[in-house]
Every structure is written in structure tokens, then in C-alpha cells.
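I opened the model today to look up which charged side chains pair up. These are my notes.

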Amino acid sequence: MKIYNTLSKRKEEFIPIEEGKVRMYVCGPTVYNLIHIGNARPMIVFDTVRRYMEYKGFEVNYVSNFTDVDDKIIKQAIAEGVDASVISERYIAECKADMEALNVKPATTHPLATQEICGMLDMIGTLIEKGHAYEAADGTVYYRTRSFQEYGKLSHRNVDDLQAGNRSLLVSGEDQKEDPLDFVLWKPKKDGEPYWESPWCNGRPGWHIECSVMSKRYLGDEIDIHAGGEDLIFPHHENEIAQSEAANGKQFARYWMHNAFLNIDNRKMSKSLGNFFTVRDISEKYDLQVLRFFMLSAHYRSPLNFSAELMESAKNGRDRILTAVQNLHHLMENAVTLGKIEETVSEQELLQDAKRFVTQFETAMDDDCNTADAIAAIFDLVKWTNTNTDATCSQSFLMAILQEIKELSDICGLLVDTAPEILDTQIETLIEQRQVARREKNFARSDEIREELLAQGILLEDTREGVKWKRV
RNA sequence: GGUGCCAUAGCCAAGUGGUAAGGCAAAGGUCUGCAACACCUCUAUCACCAGUUCAAAUCUGGUUGGCACCUCCA
């Protein structure tokens with residue numbers, strides 16, 4: 001499997017530190033509001049990376065944090081007149097609900113920044129001891145950026161360029177810093193803010209130190225994959241590297257994966273433009289599986305545009321897979337009725353042929369998780385299925401195909417075999433009545449019933465194998 | 001100002017040296033009482049210019065047009 005590594009700017013063969021195991025850390029959201037669809041992109045794509053690795057037989061230790069202490073959380077808490085923890089706990093719960101609806105697997109561990117303060121104090125202490133950090137007069141602790149020789153290796157910048165482009169910082173009044181590039185590890189509390197005691201001052205951690213510490217605690221000094229949105233490359237991930245490698249004396253992460261941004265109507269999502277959507281907003285109109293399908297229809301490193309039109313397109317595309325799966329179920333029931341259970345020799349040959357879609361899928365995923373191509377493989381399989389199955393097929397054959405579609409979809413976290421709903425008897429009766437009307441060629445009555453059911457959200461389809469229905 | 005990315009059919013989107021996957025939409029057809037589903041058919045020489053090569057969407061240089069980061073925004 002090849003992975004594009006931001007560190008080397010090229011695709012590299014993935015070789016885990018420990019054979020058969022993957023240590024993966026994905027930067028999670030700051031929980032001050034409902035997550036937006038931009039937050040959902042890394043969750044979905046890296047969950048898919050994880051699922052594929054598990055499919056390949058790796059044991060994945062997947063860690064994704066919640067940043068539950070932050071200026072924005074405090075601001076929200078003050079606005080509502082509640083404790084910061086009330087805000088963070090509320091939105092962690094909401095975020096988990098959204099993740100579940102997106103079929104994002106819970107991480108092996110979801111650490112909270114506020115539960116890891118001890119580790120942060122330890123690491124900051126180590127950095128000071130080693131001369132990589134210093135305490136200012138008011139108790140703020142800064143990282144001495146220029147003390148880390150390789151600073152800039154992830155974002156491919158050199159410190160002098162950074163300084164040239166950062167003139168504004170020089171005049172921003174942070175005159176406690178030895179150097180404008182230095183960043184905060186620990187800062188003093190302000191009135192009304194949550195704080196922890198430390199050797200330097202009562203205060204709270206800077207953002208970057210959290211991830212270094214949580215990664216170290218749950219995955220160790222060296223990890224395989226560190227992932228997040230591309231905006232985190234600089235400064236967040238650059239700073240994590242500086243902290244972790246200076247403190248631990250080892251390479252921090254071997255592979256750095258970054259997803260591109262999600263735009264809305266070709267513009268960056270922002271509240272001021274009024275094009276800001278939460279995952280919850282989308283869930284009111286669509287099954288969030290549609291959002292997941294949509295996100296995976298492009299490569300994770302390409303910017304992806306979001307619009308109502310594209311969601312409709314995604315919905316229709318996904319429905320094509322669902323329809324094929326439903327057809328298989330119908331055909332299987334049919335096969336059982338007819339007593340066609342065991343597959344025939346020619347069916348075995350067909351199944352052999354269908355294996356190529358698995359290969360096609362894996363080839364795509366092996367190439368830096370190319371989900372767009374992988375989904376194309378699923379569509380090819382769907383088309384093959386629609387062409388090669390009919391009422392004469394055996395149950396065993398149909399079942400094997402169904403399993404293949406389900407397995408590939410499941411790697412993408414796409415649920416295509418939703419449990420059949422039980423219709424209430426009243427609706428079933430109407431369907432029966434319509435069939436009677438049709439046999440009597442009373443099409444007026446038959447269409448009337450169909451309209452009536454459609455009004456209730458039940459769409460009928462008359463197929464060769466009988467009447468099918470689905471919710472719209 | 002610094003750094004980097006992108007430009008493929010109506011829309012979305014793979015492909016990164018050997019003569020353009022897939023999906024949505026549209027059109028025609030088969031099936032069907034009709035509709036829907038499904039199937040068949042049909043749709044691009046890859047922003048522009050120049051160059052390298054037997055061969056380029058794919059490499060090099062340039063032009064134009066988008067975008068991102070450099071401000072604790074995924």
C-alpha cells in the first residue's frame with residue numbers, strides 16, 4: 001500500500017514500525033459547536049484509511065482527540081453563562097452522534113486534552129531542561145523554535161522565509177518572545193478561565209502540546225501515521241514535530257497524511273459568507289451515508305466542492321448501489337422459493353470472474369487510498385451484477401455476489417444492505433389491492449393506489465420478480 | 001512579499017509517457033398497461049503556447065485563470 005507523505009512530498013510504500021500493526025493519530029475537532037461538514041471530511045477519509053488497513057489485516061490503534069480547552073470553548077461558555085466543561089461535554093456527545101450517523105468507527109481511544117495535563121507538564125518540563133523551551137516573566141512558556149534544527153521540514157519552509165513573511169508578528173506586542181517564531185506551550189489563566197497548577201503559573205496548555213502528549217501516551221514516541229486537515233500542516237503539525245522530536249529524541253511520525261479542504265459553492269466555507277453547514281444541517285435533508293459517499297467520490301487530497309446539486313448527484317449514485325443490493329435480495333427469495341440453492345458450474349465461473357472487481361478495488365485503495373477509483377470498482381461490480389443475475393440464479397450464487405458488494409462497500413464505510421423495514425399491514429393490504437386491480441386491468445384504481453402510497457413516501461416498482469417498494 | 005497546489009465531457013471525477021475509468025444529468029432504444037428499476041446505444045483529444053520524445057492529458061519552459069498556507073480554521 002502506498003501513502004502520500006507530506007514529509008517527503010511523494011507516495012511511499014507503507015511499512016509499519018511494528019509488523020502487522022498501525023499506530024495512527026488523527027487530529028480531532030475543538031468542541032465548541034456542532035461539527036461542520038468540513039470537520040467531517042478528515043473523519044470520513046481517515047476512517048476509511050483505517051478500515052482498509054484493517055481489511056488488509058493490520059491491527060490499527062487509532063487515536064483521535066477532542067480539544068476540550070480552548071479560547072473558543074471559553075468564549076462560548078461565557079456567552080451561555082456556564083462552565084467550559086458543560087460546553088465541551090455537550091459538543092463531544094453531539095460530535096459522537098454525528099460520527100455514528102456518518103458510520104465513522106469510534107477511535108480506539110478518544111483522549112481529552114483536559115485529562116492529559118500531567119503529561120503536558122512533563123513534556124514541557126523536559127523541553128525546558130533540554131533548552132528547547134523557556135519561561136517568560138509572567139509564567140508563559142514558549143518553545144524556542146530555532147533550537148530545533150529541522151523546523152520547517154514538514155511544511156517545507158525555512159525559518160528565515162517564515163520570519164520575513166511574518167513581520168506583523170514582530171509588532172504584535174509579544175515582546176516576551178525571544179523570537180517571533182516561538183510558540184506557546186503554557187499560558188497564564190485569565191479571570192474566569194479554567195486553569196491548572198504548574199511550576200510556571202496557574203494556566204492552561206497551548207494547543208500544539210496537547211497532540212504531542214496524547215499521541216505519546218496512547219501510541220508511544222514513534223508512530224506510523226499522523227493525519228489531519230491540510231491547514232494543520234503549518235503551524236500545528238510542524239510544532240508537534242518540534243515538540244515531540246526534541247522531547248523524545250526520536251522521529252515522531254513516519255507518514256503524514258493531510259486531506260484537502262471542502263469548499264461550498266466554490267468558496268471557502270465561512271460564517272460571514274453564510275455558506276456554513278453543520279453535519280446536523282445536512283442530516284435533516286439527507287441520510288448522512290449520502291454525505292459519506294459524496295466525500296469519498298473524490299480523492300482526499302483534492303479540494304472538494306459542496307453544493308445542493310452535487311449532493312443530489314451523490315444521492316442518485318448511491319441509490320444505484322442500494323437498488324442492486326435490494327434486487328439481489330428479491331432474487332434470493334425467489335431462488336429459495338424455486339428451490340435453487342446450490343450454485344452451478346457456470347455460476348462458479350462467473351464468481352471467479354467477479355473477483356477482478358476486488359482486485360480493481362484493492363489496486364485503487366493501495367494507491368494512496370484512491371476512493372474515487374475504488375468506488376468506480378464498486379459501480380463496475382454493480383453493473384456486472386445487474387447484467388449477470390436474473391430469476392434463474394441460485395441462492396448461493398446471489399449470496400456470494402451480495403457479500404462481495406457488501407464487503408467492498410463496508411471498507412468505505414458505506415452501508416448498502418439496510419435491514420428491510422416491515423411495512424404495516426395497512427400498506428401491505430393496499431399493495432395487494434393494487435395487484436388485484438392490475439390483474440383486472442383496472443389501471444385507474446391501480447395508479448390511484450400507487451399515488452396514495454407515494455404520498456406516504458412509498459415508491460412502488462413492478463419488476464419481473466414482483467412488486468418492490470422503497471422509501472423515498 | 002514568501003511557499004505550495006490545481007486547470008480532463010453539461011456537472012462531478014479517476015488516469016501522471018503509449019492513443020481518455022466511473023457516477024450524475026441529457027438523448028435514442030429494449031422491457032413494462034403506464035411509471036420506476038435494469039439493460040443497450042450515444043457524449044471529451046484533456047486551459048493556452050512552445051519544447052523534449054518513435055509516442056504526452058501525463059515530462060520541461062512560458063502564458064492565462066482558480067485556490068491554499070504563511071493569524072491556535074479540518
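This is a predicted model: local features need pLDDT of at least 70, side-chain atom pairs count only at pLDDT 80 or more; totals for chains, interfaces and linings use all residues.

I began with Arg90, which forms a salt bridge (a side-chain nitrogen of Lys or Arg within 4 Å of a carboxyl oxygen of Asp or Glu) with Glu80, the closest N and O atoms being 2.7 Å apart. The pair links distant parts of the chain, with Arg90 in helix H3 and Glu80 in helix H2, ten residues apart; helices here are DSSP runs of H or I with at least four residues, strands are runs of E with at least two, and both are numbered from the N terminus. I noted Arg90 as partly exposed at 30% relative accessibility, on a scale where buried means under 20% relative accessible area, exposed over 50% and partly exposed in between (1.4 Å probe, protein chains only).

Residues are numbered from 1 along each chain as its sequence is written, and side-chain values use heavy atoms, with hydrogens and water left out.

Next I looked up Glu178, which forms a salt bridge with Arg144 at 2.8 Å between the closest N and O atoms. Glu178 lies in the loop between helix H6 and E7, and Arg144 in the loop between strand E6 and helix H5, so the pair ties together parts that are 34 residues apart in sequence.

In helix H11 I found Lys315 and Asp319 four residues apart, separated by about one helical turn, and their side chains meet in a salt bridge (3.2 Å, N to O). I also noted that salt bridges with shared partners join Asp47, Arg51, Arg292 and Asp410 into one network.

Definitions and conventions. Chains are lettered from A and ligands numbered from 1 in the order in which they are written.
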